[in-house]
Each structure stands twice: as structure tokens, then as C-alpha cells.
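Good morning, everyone. Please look at the model on the screen while I talk. I'll go from strands to loops to ligand.

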Amino acid sequence: MEKKLRVGVLGATGMVGQRFISLLEDHPWYEVVTVAASPRSAGRTYEDAVGDRWKMATPMPEAVRQLVVMNVNEVEKVAAGVDFVFSAVDMTKEEIKAIEEAYAKTETPVVSNNSAHRWTPDVPMVVPEINPEHFDVIPFQKKRLGTKRGFIAVKPNCSIQSYAPALTAWKEFEPYEVVATTYQAISGAGKTFKDWPEMEGNIIPYIGGEEEKSEQEPLRLWGKVEDGVIVKAESPVITCQCIRVPVLNGHTAAAFVKFRKKVTKEQLIEKLVSFKGLPQELGLPSAPKQFIQYLNEDNRPQVTADVDFENGMGISIGRLREDKVYDYKFVGLSHNTVRGAAGGAVLCAELLTAKGYIQAK
Ligand SMILES: NC(=O)c1ccc[n+]([C@@H]2O[C@H](COP(=O)([O-])OP(=O)(O)OC[C@H]3O[C@@H](n4cnc5c(N)ncnc54)[C@H](OP(=O)(O)O)[C@@H]3O)[C@@H](O)[C@H]2O)c1
């Protein structure tokens with residue numbers, strides 16, 4: 001790319017926003033030129049607005065420290081200086097829906113981490129290795145919005161990334177019933193142990209809205225494009241329990257699966273490790289070389305050892321074994337704020353750029 005695209009991060013001061021800022025440091029295609037957050041932060045330098053809330057393990061990139069934070073609600077003003085935006089604002093669902101559409105209508109593509117538009121029929125919700133063909137609804141969405149280049153694309157919830165990729169790799173064996181329990185990190189709630197000390201040594205068996213998302217969103221990923229909208233798949237039926245655990249980063253899932261077709265453990269592992277998608281074929285900057293790794297050791301995947309596999313963009317699967325009640329059971333792990341949030345959105349943007357949907361204004 002001759003000249004980098006100018007990027008804005010909406011919600012740049014939050015947990016996911018900070019992850020965007022970190023991942024985009026030295027990105028070969030994108031340069032963060034605008035940071036926006038609530039009116040509380042607007043007008044202050046990024047460094048000052050974030051203050052002691054910086055939650056990344058690496059230091060705040062020099063290039064953003066002195067940027068003056070803009071008010072997310074001043075849509076025209078923010079949109080004027082950027083080619084596209086990443087969205088990670090924490091507002092009500094209705095507010096997020098409205099503001100993301102407002103940005104799209106300024107002819108600014110929005111790649112969102114938020115859940116507000118995940119079920120809008122003509123908004124693609126994409127994991128680039130799984131369902132890149134869903135971007136085909138974008139022309140229909142633009143028609144509805146009355147835009148030439150503005151649109152919204154989203155990525156799914158962080159919880160599903162530790163089991164949905166495996167189920168996708170096993171599609172030809174026709175999984176039809178799945179039971180999953182997720183063990184979710186506190187960064188998924190935008191928190192560290194410093195701001196949530198009650199989580200030390202604790203487990204909370206409730207994450208608002210998470211079980212429905214974990215059961216339903218994989219079906220939308222596996223859905224088809226029909227008449228310009230996504231029609232979700234009907235199978236497999238998935239039931240989930242989502243549990244908050246005292247882990248900083250990394251969502252683990254323990255899952256049981258029934259298959260219509262007979263399949264061996266060796267076949268299942270082979271499908272996992274050979275599973276590739278467009279990001280790997282196109283060599284996108286943030287694409288993991290190996291999307292899914294299989295770990296043979298009985299005590300893997302472990303959060304501390306495996307969460308950063310492929311810079312947090314890869315999925316780790318282990319403990320695959322036959323089951324007496326279901327056919328197989330396994331454990332999966334993914335990085336919730338990288339693959340499950342900002343990194344997944346950056347990879348979506350890279351694929352949208354490679355396909356010509358995102359260009360310089
Ligand atoms: N954390 C994860 O792993 C994860 C994963 C998937 C999806 N998500 C979703 O991503 C979004 C952000 O999550 P987060 O964990 O990063 O939250 P967060 O740390 O609380 O950050 C929220 C961001 O939104 C801004 N904001 C809050 N209220 C606002 C308002 N009324 N108007 C404009 N901006 C406002 C904040 O700005 P100020 O600093 O100025 O207050 C901040 O930049 C949420 O919708 C969340 O559900 C999070």
C-alpha cells in the first residue's frame with residue numbers, strides 16, 4: 001500500500017479501544033490519526049484522558065499520546081479526518097446502532113466490535129477464516145443507507161471463538177448437538193484485577209446476555225446470503241453456560257459434540273490443523289499463519305502458556321477424546337481481546353481493504 005489509510009478509533013480510551021491502539025502501532029496499511037471517546041475525555045490528550053487506565057502490557061504508543069481526544073458524538077467532525085473507523089464504544093444498544101449508522105452515512109466504513117448490529121439482516125458479522133462471503137451483503141446495506149462507500153461490518157462475540165472455529169473445521173461430519181461451558185476472562189468485561197478485586201480467587205456464574213450470544217451467533221456465522229440478507233443456519237443446536245473466572249485474558253470453552261457422521265479422533269485433529277481461510281491465502285498482515293493448533297499434552301491448552309499463540313490471533317484446541325454420552329469432547333482457548341475483539345476486527349478490516357470495500361476517501 002502506497003499511503004497508509006487514516007483510521008479513527010471510537011471508544012479509544014476503553015479496554016478494547018486500547019487494544020486497537022496497541023495492535024495498530026506500526027500497522028503496514030493503517031495509521032491511527034483520530035481517537036474519540038465520551039465527552040468526559042474529549043478535548044484532553046489521549047495520554048491524559050486514559051491516565052492510569054492504560055491496561056495493555058506494552059507501553060502506550062508514542063504516536064497517539066499527544067492526539068487530542070474527540071467527542072464520538074460529533075460524527076461529521078470525527079469522520080472528516082479519517083478513511084474508516086473501528087468502533088468500541090460502550091453506550092446503549094440503540095445509541096450504538098444509531099451512531100454507527102450515522103458514521104456509515106458520512107461515507108465512513110465502520111468496523112465494529114459492538115454487538116448492536118450483529119443481527120441487522122444486511123450487516124455482515126464475520127470471522128474472516130469462516131464466512132468472508134457474508135461481505136456480499138454490503139452492497140445491499142449501502143443501498144438501504146443511501147451510501148456509496150459507507151457501511152457497517154461487525155465481528156462476533158468473544159466467547160464463541162474458542163469453539164466455533166473447531167465446529168466449522170468439522171462441518172463435513174455434521175455436528176448437530178453441542179453443549180459448551182465457557183470460562184471467561186475479566187478483560188471481557190473491560191476490567192483488570194485492579195478494578196475488579198472481587199474476582200480474585202472467585203467465580204461468578206453469570207455474564208449478562210452472554211449465553212444467548214454464545215448459542216445463537218455461531219448459527220449466524222454459518223448462515224447463507226439470500227436476497228441481500230444473512231439467513232442463519234438451523235443446526236447444530238448449541239446450549240451454553242458462561243462463567244466468569246479469575247483470569248485476566250483468555251476465554252476457555254469445554255465442549256461436547258454429537259456428529260451425524262462417524263469420525264475418528266485423527267480425522268478431527270487433521271481437519272483442525274489444516275483449516276485455512278482467505279486471510280492465510282492472501283497473507284493479510286494480522287492473519288495467523290496457523291489458525292488452529294492442536295495440543296496433545298493432557299494439560300493443554302492453558303491460559304498462561306497458550307493465550308498468545310500466533311500473537312493472540314490463533315485458536316488452541318486440546319483434550320479431544322471420545323465421550324460416553326456425546327460423541328466427542330474437547331477444550332478450546334482464544335484470546336478474548338485480540339482474536340475475540342480488536343484483533344478480529346482488524347483482520348476483518350484488512351480483508352475488506354484487500355477486497356476493495358475500504359479505500360482512501
Ligand atoms: N472487553 C472485551 O473483551 C469485549 C469483547 C467484545 C465486545 N466488547 C464490547 O466492546 C465495547 C467496549 O468495551 P470495553 O470493554 O472496551 O469498554 P470500556 O473499557 O468501558 O470502554 C468504553 C469506551 O466507550 C466510551 N464511552 C462510554 N460511554 C460513552 C458515551 N456515553 N458516549 C461516548 N463514548 C462513551 C468510553 O469513553 P470514556 O473513557 O471517555 O468514558 C471508552 O472509550 C462494549 O460495547 C463491549 O460490550 C468488549
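Start with strand β5, residues 110–112: three bridges join β5 to β6, and the two run parallel. Val111 stands opposite Ala153 in β6. A word on terms. Strands are DSSP runs of E with at least two residues, helices are runs of H or I with at least four residues, and both are numbered from the N terminus. Two strands pair if DSSP finds at least two bridges between them.

Before I go on, this is a predicted model: local features need pLDDT of at least 70, side-chain atom pairs count only at pLDDT 80 or more, and totals for chains, interfaces and linings use all residues. Residues are numbered from 1 along each chain as its sequence is written, and side-chain values use heavy atoms, with hydrogens and water left out.

Now zoom out. Which order do the six strands of the open sheet take? The order is β3-β2-β1-β4-β5-β6, with parallel pairing. The edge strands are β3 (70–71) and β6 (152–154), and each pairs on one side only. In a regular strand the side chains alternate between the two faces of the sheet.

Next, another set of strands. Strand β12 (residues 292–295) runs parallel to strand β13 (residues 315–322), joined by four bridges. Here Leu295 stands opposite Gly318 in β13. β13 also pairs with strand β14 (residues 328–334), in the antiparallel sense, over five bridges. Arg321 has Lys329 in β14 as its bridge partner. How many residues does the hairpin from β13 to β14 go through? Five residues.

On to the loops. Most residues other than glycine have a negative phi, and most peptide bonds are trans. Now look at Ser235 and Pro236: a cis peptide bond joins them, with omega about 5 degrees. Pro236 is in the loop between β9 (229–231) and β10 (237–244). Arg300 and Pro301 are also joined by a cis peptide bond, with omega about 0 degrees. Find Pro301 in the loop between β12 and α11 (303–306). Then there is Glu310, not a glycine, with a positive phi near 55 degrees. Glu310 is in the loop between α11 and β13.

Last, the ligand. Where does the ligand sit? In the largest pocket. A pocket is found on a 1 Å grid over the protein atoms alone: an open set of points where a 1.4 Å probe fits, with protein on both sides within 12 Å along at least five of seven lines. To sit there, more than half of a molecule's atoms must lie within 2 Å of the grid points.

There are 24 residues around the ligand (a heavy atom within 4 Å). Thr13, Val16, Ser38, Arg40 and Ser41 come nearest.

Now polar contacts, pairs of N or O atoms within 3.5 Å. A backbone N or O atom of Val16 lies 2.8 Å from a ligand oxygen. For Gly14, a backbone N or O atom is 3.2 Å from an oxygen of the ligand. In Asn114, an N or O atom of the side chain is 2.8 Å from a ligand oxygen. Taken alone, the ligand exposes 900 Å², and the protein buries 81% of that (Shrake-Rupley method, 1.4 Å probe).

Notes: Polar contact = N/O pair within 3.5 Å; in protein donor to acceptor, adjacent residues only side chain to side chain. 1 Å grid on protein atoms, 1.4 Å probe; cavity = no way out; pocket = protein on both sides within 12 Å on 5 of 7 lines; lining within 4 Å.
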